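Welcome! Try each task before reading its solution.

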Amino acid sequence: RLLRRENPAKVNNIALCNMNLNNNKKAYADFLKSFQILKQIKNKSKRDIDFMNVVQGNIGTMLNKLGQYNEAIGLLEKEVDYYSKNNSNNLSVQPLIELLGLYDRSNQKEKLNEVIVKMIALEKEYTNKNTFPILTEALYNFYLKKGDTQKSVAISKRLFKLQKDYSNSIK
């Protein structure tokens with residue numbers, strides 16, 4: 001039974017701390033608890049619904065870490081879809097990176113290609129000299145791991161320029 005006074009954001013933050021400490025089972029339990037607290041809110045605000053999506057994505061991330069890949073994919077896809085429908089594509093960076101690895105691991109080539117296309121589109125839309133090129137770096141690492149020299153070299157050139165621009169912007 002959950003206490004009504006429990007703050008789902010605090011429970012989520014504790015879960016994030018546990019996740020960063022590799023206390024994955026505890027983190028998973030805390031993310032679930034945060035989600036259950038949010039589900040109990042009767043008249044949810046837009047902010048509550050947005051946060052439920054974040055927590056659900058965090059659960060997906062934990063399921064990935066715990067080796068429950070199919071369940072992780074389902075939750076992370078929901079998270080990305082939610083951001084897409086709510087014009088918040090910039091928030092889909094981390095779940096897209098997670099899905100890149102999951103689709104590759106599960107050999108879902110069509111979905112893998114779709115996520116790469118989304119990542120490239122987001123990269124072009126959101127990467128500028130004031131933002132660290134996370135998507136570019138993730139794609140570079142992906143192609144490097146796959147042994148695709150041509151794509152990894154092309155992306156590394158872009159990544160080097162973006163990292164340099166970013167470094168210059170924070171000086």
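**Exercise 1.** Over the ring of which residue does the charged end of R105 sit?

*Solution.* Keep in mind that this is a predicted model. Start at R105 and follow its side chain to the charged end, which sits over the ring of Y69. The distance from there to the ring centre is 4.4 Å.

**Exercise 2.** Describe how helix α4 and helix α5 meet.

*Solution.* Step one: locate the helices, α4 at residues 69-85 and α5 at residues 93-105. Step two: look at their axes, which come within 10 Å and cross at roughly 140 degrees. Step four: find the residues that make the contact. From α4 these include Y69, I73, L76 and Y83, while α5 contributes P95, L99 and R105, among them. Step five: sort the contact residues by kind; 11 are nonpolar, 4 are charged and none is polar.

**Exercise 3.** How many aromatic pairs does a search of the whole structure find, and of what kind is the pair Y82 and Y83?

*Solution.* The search gives 2 aromatic pairs. For Y82 and Y83, the ring centres are 6.2 Å apart and the planes stand at 70 degrees; planes over 60 degrees apart count as edge-to-face, so this pair is edge-to-face. Both of these tyrosines are buried.

**Exercise 4.** Now classify the pair F142 and Y143.

*Solution.* The ring centres of F142 and Y143 lie 5.2 Å apart, with planes at 65 degrees, so this pair is edge-to-face. F142 and Y143 are both buried.

Note on methods
Residues are numbered from 1 along each chain as its sequence is written. This is a predicted model: local features need pLDDT of at least 70, side-chain atom pairs count only at pLDDT 80 or more; totals for chains, interfaces and linings use all residues. Side-chain values use heavy atoms; hydrogens and water are left out. Axes are lines fitted to C-alpha atoms, for helices over the stretch in contact, and angles run from 0 to 180 degrees between N-to-C directions. Helices (H or I, at least four residues) and strands (E, at least two) are DSSP runs, numbered from the N terminus. Contact means heavy atoms within 4.5 Å. Ala, Val, Leu, Ile, Met, Phe, Trp, Tyr, Cys and Pro count as nonpolar, Asp, Glu, Lys and Arg as charged, and the others, Gly among them, as polar. Rings of Phe, Tyr and Trp (its six-membered ring) pair if their centres lie within 6.5 Å; planes under 30 degrees apart count as stacked, over 60 as edge-to-face and the rest as tilted. Buried means under 20% relative accessible area, exposed over 50%, partly exposed in between (1.4 Å probe, protein chains only). A charge sits over a ring if NZ of Lys or CZ of Arg is within 6 Å of the ring centre and within 35 degrees of the ring normal.
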